[in-house]
Amino acid sequence: MCFTPSVSLLTAIVEWMLALIMFASFRKSKLAKFFVVLFILLGLYQFSEFMLCTTGNLIWVKIGFISYSFLPAIGLHSVLSYFKIKKNTLLLYAVPSIYSLLAIFQNDFVHFGQCMTFFVQATTILSLNPYLAIPYEMYYAVFIILAFLILAQAYKRAKTKIEKKIDISEMIGIMLMTIPTFILIIIFPSLGIMFPSVLCHFALFLAIMFFASAYLDEKRSLHEKYHRMP
């Protein structure tokens with residue numbers, strides 16, 4: 001009995017619906033444009049799990065890898081842009097771009113992939129080569145930690161309640177995605193090779209909290225616009 005396909009497809013639909021709602025409704029939010037892309041990629045990862053489980057084609061492991069590789073860069077970019085820290089932001093995408101090109105052009109990038117009860121298990125060239133894995137893992141960890149620390153500092157300096165709510169919503173989203181993932185991996189070390197699958201399943205909580213942040217940012221922007229009107 002494999003429940004992964006139905007769970008992954010449902011999660012993808014939810015994340016894509018949230019992206020569509022943000023794109024259509026949150027036109028004034030500075031965060032929404034980043035989160036729309038983030039949610040599309042999250043949904044694409046879940047859809048890649050669904051397709052791997054239903055077709056067995058390992059090309060979906062590559063597609064899933066590429067989609068989740070850009071998540072930390074987009075997340076950190078959204079934080080830097082929101083707080084008007086815009087120096088060399090294109091460099092944020094260097095690591096995921098290089099590894100995505102590796103996934104596309106390396107014929108033996110994927111060694112194994114299967115659908116399990118709740119998660120997808122996959123082995124790529126990164127799993128077998130620490131010289132490739134360590135820089136990628138550092139990129140993932142450092143970008144998530146940096147985004148969280150910037151939000152924490154911004155929360156301390158925030159002057160209004162709505163600004164604090166925006167910052168805390170994003171921080172809670174990051175914690176709800178990462179903390180349960182690491183707890184599972186520590187308790188069940190054998191899940192280590194399924195890290196992306198575990199992380200992206202818990203990313204639904206991040207999507208919900210980021211959606212709340214974009215909604216609050218939309219309200220803040222409209223409130224500021226209203227008070228600037230003569």
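This is a predicted model: local features need pLDDT of at least 70, side-chain atom pairs count only at pLDDT 80 or more; totals for chains, interfaces and linings use all residues.
Just after helix α2, Gly56 adopts a positive phi of about 75°. The structure holds one cavity of 30 Å³ or more, and the second largest pocket has a volume of about 280 Å³.

**Helix α2**

- Helix α2 covers residues 32-55, and its 24 residues should span 34 Å at 1.5 Å a residue.

**Packing of α3 and α7**

- Helix α3 (residues 59-69) packs with helix α7 (residues 130-157) at an angle of about 45°, and their axes are 12 Å apart.
- The two helices, α3 and α7, are therefore oblique to each other.
- On the α3 side, Phe65, Tyr68 and Ser69 make the contact, while α7 contributes Tyr136, Tyr139 and Tyr140.
- By class, the residues of this contact between α3 and α7 comprise five nonpolar, one polar and no charged.

**The largest cavity**

- The volume of the largest cavity is about 210 Å³.
- Its lining consists of 18 residues, of which Leu71, Pro72, Gly75, Met177 and Leu206 are the closest to the centre of the cavity.
- Two or more lining residues come from each of α2, α4 (71-82), α7, α8 (161-187) and α9 (195-228).
- Helix α4 gives the most to this lining, with five residues.
- The lining of the largest cavity has 16 nonpolar residues, one polar and one charged.

**The second largest pocket**

- The second largest pocket, of about 280 Å³, is lined by 12 residues.
- Closest to the centre of this pocket are Lys30, Tyr82, Phe83, Glu163 and Arg220.
- The elements giving two or more residues to the lining of the second largest pocket are α7, α8 and α9.

Notes: Residues are numbered from 1 along each chain as its sequence is written. Side-chain values use heavy atoms; hydrogens and water are left out. Axes are lines fitted to C-alpha atoms, for helices over the stretch in contact, and angles run from 0 to 180 degrees between N-to-C directions. Helices (H or I, at least four residues) and strands (E, at least two) are DSSP runs, numbered from the N terminus. Angles under 35 degrees count as roughly parallel, over 145 as roughly antiparallel, 65 to 115 as roughly perpendicular and the rest as oblique. Contact means heavy atoms within 4.5 Å. Ala, Val, Leu, Ile, Met, Phe, Trp, Tyr, Cys and Pro count as nonpolar, Asp, Glu, Lys and Arg as charged, and the others, Gly among them, as polar. The expected span of a helix is 1.5 Å times one less than its number of residues. On a 1 Å grid over the protein atoms alone, a cavity is a set of points where a 1.4 Å probe fits but cannot get out, and a pocket is an open set with protein on both sides within 12 Å along at least five of seven lines; lining residues have an atom within 4 Å of a point. Grid points are joined across faces, edges and corners, and a volume is the space filled by probe spheres set on the points.
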